[in-house]
Amino acid sequence: VPRLLAVGSWRDHPLVACEPMPLDARRLPPGDVSAWPVRQMDPPLADRPLLDASWWTDRRRDFGDDGDIAALMDGVEAVHSGRERAWARWHGDWVPWNLARSGRGLVAWDWEYSEPGAPAGLDELHCIYQVARHRRGGQVQDALGLVRASAEDQWLADAHLVMLSTRHRLLERLTGRPVGDHHQVMAAVAERAIALGHGRR
């Protein structure tokens with residue numbers, strides 16, 4: 001992780017300065033990279049039910065009255081809250097263009113979305129989505145389909161959709177306008193909420 005050099009603000013926006021990449025940093029070869037080292041950065045969290053996890057309850061608090069997102073979260077709770085889940089730190093944007101190799105090992109940057117206590121495995125699924133969307137130019141529905149097909153547990157695919165939609169909504173609140181593929185993401189949210197039995201038909 002690049003060393004933090006300074007923290008400040010500019011026009012009420014937070015600014016963070018990090019050290020530059022190592023001189024020998026090289027882009028990764030093709031292939032998947034496990035985010036397991038990120039999950040080891042914090043002390044281990046005990047597995048816990050969905051409704052006891054701060055990652056979930058924070059989103060419920062911030063987006064629980066937000067139409068289709070609330071319906072999606074209702075459906076996820078109805079289907080997936082019956083057993084304990086693994087939670088750990090995630091990077092938040094674990095993609096090949098934020099990673100490199102150097103003599104000191106794997107180098108990862110762009111940590112602005114990192115959070116403790118996220119669903120374990122979310123980084124790898126979001127990487128699948130981002131690569132499909134931005135490197136291969138796929139449509140949102142196709143990328144989400146790849147995520148769902150790749151998830152060992154459909155809970156993680158649903159958690160990814162909750163993360164993606166709440167991130168989009170947060171960016172919309174911050175900028176005053178929807179991000180580029182917001183409408184397609186929200187259409188997927190509405191469709192999944194219906195599939196889970198909690199959306200508007």
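## Helix 2 and helix 3

A crossing is left-handed if the near helix is turned anticlockwise from the far one by less than a right angle. In this predicted model, the crossing of helix 2 and helix 3 is left-handed. The two axes cross at roughly 145° and come within 10 Å. Helix 3 covers residues 67-80.

Which residues of helix 2 make the contact with helix 3? They are Trp56, Arg59, Arg60 and Phe63. On the side of helix 3, the contact is made by Ile69, Ala70, Met73, Asp74, Val76 and Glu77. Six residues of this contact are nonpolar and four are charged. No polar residue takes part.

## Helix 2 and helix 6

Two packed helices are described by the angle between their axes and the distance between the axes. Helix 2 spans residues 54-63, and helix 6 spans residues 154-175. Their axes come within 11 Å and cross at roughly 45°. Therefore helix 2 is oblique to helix 6. This crossing, of helix 2 and helix 6, is left-handed.

From helix 2, the contact takes in Trp55, Trp56, Arg59, Asp62 and Phe63. These meet Ala159, Val162, Met163, Thr166, Arg169, Leu170 and Arg173 in helix 6. The residues of this contact divide into seven nonpolar, one polar and four charged.

Trp56, Arg59 and Phe63 of helix 2 are in the contact with helix 3. Trp56, Arg59 and Phe63 are also in the contact with helix 6.

## Ala120 in its loop

Where is Ala120 found? It lies in the loop between strand 9 (115-119) and helix 4 (122-135). Ala120 has a relative accessibility of 25%, so it counts as partly exposed.

Some of its surroundings come from elsewhere in the sequence. Leaving aside neighbours within four places in sequence, Ala120 is in contact with Arg39, Ala86, Trp87, Ala88 and Leu156. Trp36 is 84 residues apart from Ala120 in sequence. In space, Ala120 and Trp36 are 8.8 Å apart, C-alpha to C-alpha.

## Cysteines and disulfides

A disulfide is a covalent bond between the sulfur atoms of two cysteines. How many disulfides does the structure hold? The count is zero.

Is Cys127 buried or exposed? Cys127 has a relative accessible area of 14%, so it is buried. The cut-off for buried is under 20%. Cys18 has a relative accessible area of 41%, so it is partly exposed.

Note on methods: Residues are numbered from 1 along each chain as its sequence is written. This is a predicted model: local features need pLDDT of at least 70, side-chain atom pairs count only at pLDDT 80 or more; totals for chains, interfaces and linings use all residues. Side-chain values use heavy atoms; hydrogens and water are left out. Axes are lines fitted to C-alpha atoms, for helices over the stretch in contact, and angles run from 0 to 180 degrees between N-to-C directions. Helices (H or I, at least four residues) and strands (E, at least two) are DSSP runs, numbered from the N terminus. Angles under 35 degrees count as roughly parallel, over 145 as roughly antiparallel, 65 to 115 as roughly perpendicular and the rest as oblique. Contact means heavy atoms within 4.5 Å. Ala, Val, Leu, Ile, Met, Phe, Trp, Tyr, Cys and Pro count as nonpolar, Asp, Glu, Lys and Arg as charged, and the others, Gly among them, as polar. A disulfide is a pair of cysteine sulfur atoms within 2.5 Å. Buried means under 20% relative accessible area, exposed over 50%, partly exposed in between (1.4 Å probe, protein chains only).
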